[in-house]
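Trainee: I have a model open and want to learn how to read it. Where do I begin?

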Amino acid sequence: MRGWLSRARASTPVRALALLLLALVALGVAAAYALWGNPELRFYRQAARVKLAWLAQLRHDYPHVVIVYGGSTCAFSIDVERMRQRYGLPVANLGLHAGMEPLFLTAFAVAATRPGDTLVVALEPGLMITPFNSPDLAAQMGFSLGHPELIHASNLTGEPIHWAEDLTSLRPGAYHFFTLLGKVLLRRPLYRYHPEDIHPGGWFQTQERRQLPEPDPSPADLSPDSRALLVRLKQWGDTNRVRVMYSVPWIYCGQHGERGIRRLYLHFLQQVAPIMPVLKDPTLGADPRPEDFADSDGHLTPSAAERRTDSLARQLQQQSFWTRAELDQLQRTEFAGRAGDAAAPGR
């Protein structure tokens, strides 16, 4: 009996070491898949390269540029080739994926900005009304690009890199695994978008079309995390001679919800305007036409993207901004005392 106990005690460290090595190997395999095998990440890594290559060409031709960033509503909405050809504006579209969340998306744009540039924040209100999380996609994208400091916007906020948390985020979750397995078994494309959907300027386009659901009611209050981020970003811009401003994305508001989403977005913009200038988009981000959208409530079709691009170009050329007095007046005259139909700010 004593001999058995002695052998068991002796083998315990060996087994523990073996389990540790097995866990490290599993993490390494998961990380390798996340960084090089994940089809979603491969697409966005390629998109980042295309967008930064366009930006590098602009910097060769112009002393200062305009950078627009946000989630996929930005990526699918702003055709910067059209902006340059038709309006002579040097604009880079750095929109990526809303799932990377505001900290990473902002840090990615900030890292590409230089003194004298203009930075247009086109983050979706749906991202700005909830507390920030630590999304796996941001960690995976940060490591994939070789810039883990972007994950928590360390280059803007001074937040240290969370190495342990971020490295464990490289593991693909069960949902991703079974979704990918199902696509393999059904012989469907591993990801819905393809490299050919990325234009040379970084604008996304897709042939896919989906029926859009009617938006659900939701409040549109700027979250404390978002408020702190916008304040910090504006301070950074002032310090580094970068003009920072906000542009509300166009979102499908449903056949009967235009008034509701305009009211919600007006409330949202009234909270953003004291922090930074808000470009004067007369739509207030509400688009009731389902034919303007491709596969989600924020991914514009090419014809709608032309209109959104032209509208933003004119606002930039004319330096047209909402004043706080105008927003307040609009609230009093158009929406005061009328609840209307509410629509959720989209992502």
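Mentor: We will go through salt bridges, then a pocket, a helix and a cavity. Keep in mind that this is a predicted model.

Trainee: How many salt bridges are there?

Mentor: A salt bridge here needs a side-chain nitrogen of Lys or Arg within 4 Å of a carboxyl oxygen of Asp or Glu. By that rule the count is 12 salt bridges. Start with Arg 82 and Glu 306, whose side chains meet at 3.8 Å, N to O.

Trainee: Which parts of the chain does the pair Arg 82 and Glu 306 tie together?

Mentor: Arg 82 sits in helix H4 (residues 80–87), and Glu 306 sits in helix H13 (residues 302–318), so the bridge ties together parts 224 residues apart in sequence.

Trainee: Is Arg 82 buried or exposed?

Mentor: Use the cut-off: buried means under 20% relative accessible area. Arg 82 has 14%, so Arg 82 is buried. Glu 306, at 37%, counts as partly exposed.

Trainee: Which residue forms a salt bridge with Arg 82 at 2.8 Å?

Mentor: Asp 310, with that distance taken N to O. Asp 310 lies in helix H13 and Arg 82 in helix H4, so this pair ties together parts 228 residues apart in sequence. Both Asp 310 and Arg 82 are buried.

Trainee: What does Arg 308 pair with?

Mentor: Arg 308 forms a salt bridge with Asp 281, and their closest N and O atoms are 3.8 Å apart. Arg 308 is in helix H13, while Asp 281 is in the loop between strand E6 (278–279) and strand E7 (286–287). The two are 27 residues apart, and the pair links distant parts of the chain. Arg 308 counts as buried because its relative accessibility is 2%. Asp 281 is buried too, at 2%.

Trainee: Now the empty space. How is it found?

Mentor: Rolling a probe the size of a water molecule over the atoms shows where empty space is left. Take the second largest pocket, with a volume of about 190 Å³.

Trainee: Which helix gives the most to the lining of the second largest pocket?

Mentor: H2, with 4 residues. Helix H2 (39–61) and helix H5 (101–112) each supply at least two residues of that lining. The lining residues include Ala 48, Arg 49, Phe 108, Ala 111, His 147 and Glu 149. By class, the lining has 8 nonpolar, 1 polar and 3 charged residues.

Trainee: How many residues of H5 are buried?

Mentor: 11 of its 12 residues, so H5 is largely enclosed by the rest of the structure. Among the buried ones are Glu 101, Thr 106, Phe 108 and Ala 112. For length, H5 reaches 18 Å from its first C-alpha to its last, close to the 16 Å expected at 1.5 Å a residue.

Trainee: How many cavities of 30 Å³ or more are there?

Mentor: A cavity is space where the probe fits but cannot get out. The count comes to 1 cavity of 30 Å³ or more. About 70 Å³ of space lies in the largest cavity.

Trainee: What lines the largest cavity?

Mentor: The lining includes Met 100, Glu 101, Pro 102, Leu 103, Phe 132, Asn 133 and His 152. H5 supplies the largest share, 3 residues. By class, the lining has 7 nonpolar, 3 polar and 1 charged residues.

Notes:
Residues numbered from 1 in each chain as written. Predicted model: local features only at pLDDT ≥ 70, side-chain atom pairs only at ≥ 80, totals over all residues. Heavy atoms only, no water. Buried < 20%, exposed > 50% of the residue type's maximum accessible area, 1.4 Å probe, protein only. 1 Å grid on protein atoms, 1.4 Å probe; cavity = no way out; pocket = protein on both sides within 12 Å on 5 of 7 lines; lining within 4 Å. Points joined across faces, edges and corners; volume = space filled by probe spheres on them. Nonpolar A, V, L, I, M, F, W, Y, C, P; charged D, E, K, R; others polar. Expected span 1.5 Å × (residues − 1).
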